[in-house]
Amino acid sequence: MFAEVVPEPGGRFDAVLTYVIPEALRQRAAVGAQALVPLGKRLVPGFIVGLLDSPPEGVEQLKQIVDIPAGGLVLPRSIVALARWIAEHYICTLCQALRLALPSGATARIKRLVRLGEGAAAQRAAEERPEYGGLLDALSTGEEASLQTLTRRFPQIDVMTALDWLRARKAVKVREEITRAVTRARLDPLLEAALPVAEMRAEATRFARRSASQARVLIAAARAKRPVRASALAKRARSTRAAVAALLKRGLLRVRQEPAPQARKRRPFMFTLHEGAALREINQAVDQAEPRVFLLSGPPGSAPEQVWISAVEHAVSRGKQAIVLVPEISLAGPRLAHSADLREPWPGRRFGTGVALLHSGLPEGQRRQQWQRIESGEANVVIGARSAIFAPCPRIGLIVVDGEHDDSYKQEDAPRVNARDVAVERGRIEGCPVVLSSSAPSLESQHSAQQARYRALSLPARPGWQGPAVTVVDTRGSSPGTTCSAKLVLAVKRALDGGGRALLLMPRKGFSTALLCADCGQAAKCPNCDVCLTYHLAGRKLMCHHCGLSQPAPDSCPACGGTRLLLRGVGTQRVEEHIRRACPAARVLRLDADVGGKRQVVGKANVIISTGLVEATREISKVTLVGVISADTWLNRPDFRAAEVTFRFLMQAAARAAQAGRKGHLVIQTYQPDHYAIRAAAAGDCAAFYEVELAARREHAYPPFSAMAGLVVSARAQQRAEQVAKALAETIRAEERITLLGPIPAPLAKLKGRYRSQMLVLADDHEHLLRALRSATAGMPRNLGGVSVQVDVDPLSLV
DNA sequence: GATACATTTCGG
DNA sequence: CGAAATGTATCA
């Protein structure tokens, strides 16, 4: 038997090599298992991605697999297949793709152990290289030291090269050992005192002599009114887990049974005819195991969550598992604290003990525990952010991507996969339906639905639902210093008078600046790309992020001849001041990204100024007015998605304004009141927006009418980066059916001491795009003088 | 990514 | 001229 193995010496290595499986390891050899293999002179961990009966031709001597760690993680076959697709689609190594699917820290590692070699040789080495003296001294006891500890102890020397040099002279010996990365799922049981309070105290005084640390734990346990986690108890007593464990062993503490989160009995949800029909269609696909993709669009006032929650319940009732992906922000919110605390419509409580919750904050042990629960089938429903798409479900029957348009599904670092697209592919591989749900779907998904690749399930607003009143305030002609129009101030006053709250949305800081005309509201756009130009203070230039066009900033508006040109819509600092002055009743709170810490303060405020839509919580309830200070900030992003982002943002703002139940109010201040994104959002008309936006995308051949990739070439020397980028651009331009924009200095041209040059590749479709990129990058010398090329297929942001 | 081996560079 | 620095191919 032979195994195809992807060795993993760090990730960049890209090859599938064949090894002999020794008799003793046959049992454990499986596709998806981790194996330790010799590579050159080293021993490296790797993944088995295929099993063969006969050896490949043209290889003289095959090496043997050294070990397959028992109890190591084994990726399901389907995940290995998924990784192959990812490597193809995102142009990364199979190894990188496989690593995405593993919980962090689960890979086997090689530990290097160093000990002193021949004494005479060491002596000579120390004389020749006095800087290595300390290192040799440290080894002089004759004991082994790991590479890791040496690196930590001698940060001033390059331990790797030192050891090489020393080993060549027999001054040290290096041995390799496998550290099985079988991090135990660390248990953190709920504990309580085993004896009444008085007796516990008595025990504590007895312990005071022998172990002060354990005595403190006893006192803490006696004081605790309800069961405490072992880790929390240790912390409270300023003691250690070991002390807690010792007392548990002695029977002075005992484990309290975990309260099983009970699936809450829910009121039957009354589906409308539309919703019921949508649900039936999804359920049918679940039953037939059809790999269909549903685009469930539920504008404000409809109930898409209820539909997919029911579909998940249906899948579970048929003995299948379901994966539910949610945007990062939904997990980060206060809802996450304990899965048992989850409120409706969050589905956590619905499924009781059957839920496995995955998120980035999970400690390694717990992640591992969840992995096991999913793998064994104990967990029926997996809920998590993007990485949950790799959950090792053996009986998957349904995948849901909630908020499918959300940017957080895209991985920020390489390989830059989009979990939503990975979900669709996983559905295809597994033969299970995928539900993409969104209040305002991405143009890509919308287009796929129109092309009948996806099944569109559009839910209408529920009967009785009332959208907010929308006021679009034209800020053209207002004096440049004004932040809040009279209409907005009036709306705030009204909201407060009515006992409601106002949520004012400010542009996030650090957005690039567009140049716009205060009279006609037009922002300067690139004639080639139809994208807003960014203003660069240095040299007073306007630049295009797409094609690199650079022109001097005009003194007057090219559209209307007006001379009042603004760099920003409004000043960002003055809103708070303005509101305070204008409405004495206002208790203003400026809210930054993290809400968690100061709930009390939040509860008291009645005007909240924030950069993003704050989720409704107990503290921030009754928001009856949402005010968008300057919609132009979103509209003028130097990005072909600017209109889409604006439209979605305003739709969500509208939904937020209507959430409080009674009639809400949305005020949008803008220099471009006639822009289609603003008009459509104000009217709550998705169809109108998609029609205009899709036409615009088609006209400029932007996605979804083309496939796009962003390339960033970086190097230590600016010249080098530019030179390689130019050469690469030439090769790609020569490919068929390709438009290449750039290369231009990347918006953050110098980052971490490296110069970056960026270009944008547009192709008719993914096939042509990938072909061009692959042949161009394959022709490139792999690692030319520290120049690196990063590829971002289907980029979301071009900055 | 690491390593062995080939090539160029640089001080003497 | 030889050691050191840099480049390049290969890993089964």
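Reader: In which helix does His-314 lie?

Author: His-314 lies in helix α12, residues 304-317. Helices (H or I, at least four residues) and strands (E, at least two) are DSSP runs, numbered from the N terminus. This is a predicted model: local features need pLDDT of at least 70, side-chain atom pairs count only at pLDDT 80 or more, and totals for chains, interfaces and linings use all residues. Residues are numbered from 1 along each chain as its sequence is written, chains are lettered from A and ligands numbered from 1 in the order in which they are written, and side-chain values use heavy atoms, with hydrogens and water left out.

Reader: Is His-314 buried or exposed?

Author: Buried means under 20% relative accessible area, exposed over 50%, partly exposed in between (1.4 Å probe, protein chains only). His-314 has 13%, so it is buried.

Reader: Which residues does His-314 touch?

Author: Contact means heavy atoms within 4.5 Å. Leaving out residues up to four places away in sequence, His-314 touches Asn-283, Val-286 and Asp-287.

Reader: How do strands of a sheet pair?

Author: They pair through backbone hydrogen bonds, either parallel or antiparallel. Here two strands pair if DSSP finds at least two bridges between them. Seven strands form an open sheet, in the order β13-β14-β12-β15-β16-β11-β17, with parallel pairing. β13 (355-358) and β17 (455-458) each have a single partner strand, so one side of each lacks a neighbour in the sheet.

Reader: How many bridges join β11 to β17?

Author: Four bridges join β11 (residues 293-297) to β17. Within this pair, Leu-295 has Ala-456 of β17 as its bridge partner.
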